[in-house]
Amino acid sequence: MNTKAYGAHAGDKPLEPIDIQRRAPGPRDVQVEIKYCGICHSDLHTVRSEWPGTKYPCVPGHEIVGHVSAVGGEVKRFKVGDTVGVGCLVGSCQHCASCADGLEQYCENGFVGTYNGPTQDPPGYTFGGYSQRIVVDEKFVLKIRHPEEQLAAVAPLLCAGITTYSPLRHWKVGPGKKVGVVGIGGLGHMGIKLAHAMGAHVVAFTTSESKRKDAHDLGADEVVVSRDPAQMKPHGGSFHFILNTVAASHDLDAFTTLLKRDGTMCLVGAPEHPHPGPNVLVLIIGRKSIAGSFIGGLPETQEMLDFCAEHGIVSDIEMIRIQQIDEAYDRMLKSDVKYRFVIDSATLAQA
Ligand code: NAP
Ligand code: ZN
């Protein structure tokens, strides 16, 4: 089906209207009319070729919410009219050990990303949520239980929410744990909300003094301007866990020195340029770890959505028209987003 979308034809070109084709729903497919799509920093990294391997034209978008408009004959979990989400994954092999564990993001035969991932649909790779509709295998579609009026603010949970929820759960964040969240952007603001809801003592690290009050309002118990050594020093050796969401190369030692013995800093930010090598002595003396984590599998993404619905958690958003996308990207690069841009997909009709 012909579908209006927004995408780029090269890494140095702005996004512009393009028409794409969506397959007719197969027996196990769900067709979703997209109402809102969040804007992730990964969209920018991909569309501007900051990471290798982008295919053009590139239509980004993996924080998708909307309503089911058609289902295939074998679909059991969804019906027309249901409110649903689609996150970063639309496929995986379904038979490796990771898929069997519900960790499809670590599929040993390669996950299929919602955009720029391999597919049999022409042109051979996937197009994402900056589009009017998407057709997805029901296994990769999520149920949304938030009230309908919160739908736009639910969209960012599909990536920013699960990418922060999964490591917070994996490293058992909860009462009695001192947890740092570094970088208060799309991911970081969700990290603060979720760690707070899990009962941890949350310290937000920001380079933007202007975000101090917001960080407290999001649920941080303490806020530290990370560029100020005098504010950093008192926290030395005190953290059980630090979630680092920064989208740019930076000095990791400034944060590993804040970990307690056996503490872990988990990196989720994936900057274009590598971080300077960490000081291994800081890790050795204290048996500290630097780890990584990648989005989340389908069962945990549903668990996160249900947790957020139960705790009344959504993202803090600024709605934009699709025509404002390049302006939104430029503001994201200046750390000027409070705290996630979301596209009103109805504006695609004017494209
Ligand atoms: P974002 O909204 O742009 O937020 C990033 C934040 O990092 C900024 O708001 C800023 O916060 C801080 N920051 C930016 N430049 C900095 C610098 N030079 N030094 C220190 N801090 C800086 O981005 P996002 O959408 O949250 O994504 C963050 C990163 O995670 C991106 O690299 C993205 O690709 C990656 N990501 C990874 C996964 C995964 O599965 N691992 C999933 C989604 C996204 P302050 O103003 O508070 O300093
Ligand atoms: Zn993302």
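The model is predicted, so local features need pLDDT of at least 70, side-chain atom pairs count only at pLDDT 80 or more, and totals for chains, interfaces and linings use all residues. Residues are numbered from 1 along each chain as its sequence is written, chains are lettered from A and ligands numbered from 1 in the order in which they are written, and side-chain values use heavy atoms, with hydrogens and water left out.

Helices (H or I, at least four residues) and strands (E, at least two) are DSSP runs numbered from the N terminus, and two strands pair if DSSP finds at least two bridges between them. Strands E13 and E14 run parallel and are joined by 5 bridges; Ile242 has Met265 in E14 as its bridge partner. Strand E14 (residues 259-267) also pairs with E15 in the parallel sense, over 4 bridges, and Cys266 stands opposite Ala291 in E15.

Contact means heavy atoms within 4.5 Å, while axes are lines fitted to C-alpha atoms, for helices over the stretch in contact, and angles run from 0 to 180 degrees between N-to-C directions.

How many of the 11 residues of H4 are buried? The count is 9, which leaves the helix mostly covered. Buried means under 20% relative accessible area, exposed over 50%, and partly exposed in between (1.4 Å probe, protein chains only). The buried residues of H4 pack against E10, helix H5 (186-197), E13, E14, helix H10 (298-311) and strand E17 (340-344). His170 also belongs to H4, but it counts as exposed because its relative accessibility is 54%. After H4 comes Lys172, with a positive phi near 55°.

Next come the charged side chains. A salt bridge is a side-chain nitrogen of Lys or Arg within 4 Å of a carboxyl oxygen of Asp or Glu, and by this rule the count is 19. In one of them, Arg23 meets Asp29 at 2.8 Å, N to O; these two and Asp121 are linked in a network of salt bridges. Asp29 is buried at 8% relative accessible area, whereas Arg23 is partly exposed at 30%. Arg28 bridges to Glu74, with the closest N and O atoms 3.8 Å apart. Arg28 lies in the loop between strand E2 (16-21) and strand E3 (29-38), and Glu74 in the loop between strand E4 (64-71) and strand E5 (83-86), so the pair ties together parts 46 residues apart in sequence.

Finally, look at the surface. Leu103, Tyr106, Phe111 and Phe294 form a nonpolar patch there, with about 310 Å² of accessible area together. Patches are made of residues with over 30% relative accessible area and no salt bridge, like charges being joined within 9 Å and nonpolar side chains (Val, Leu, Ile, Met, Phe, Trp, Tyr) within 5 Å. Accessible areas come from the Shrake-Rupley method with a 1.4 Å probe, and for residues only the protein chains shown count as cover.
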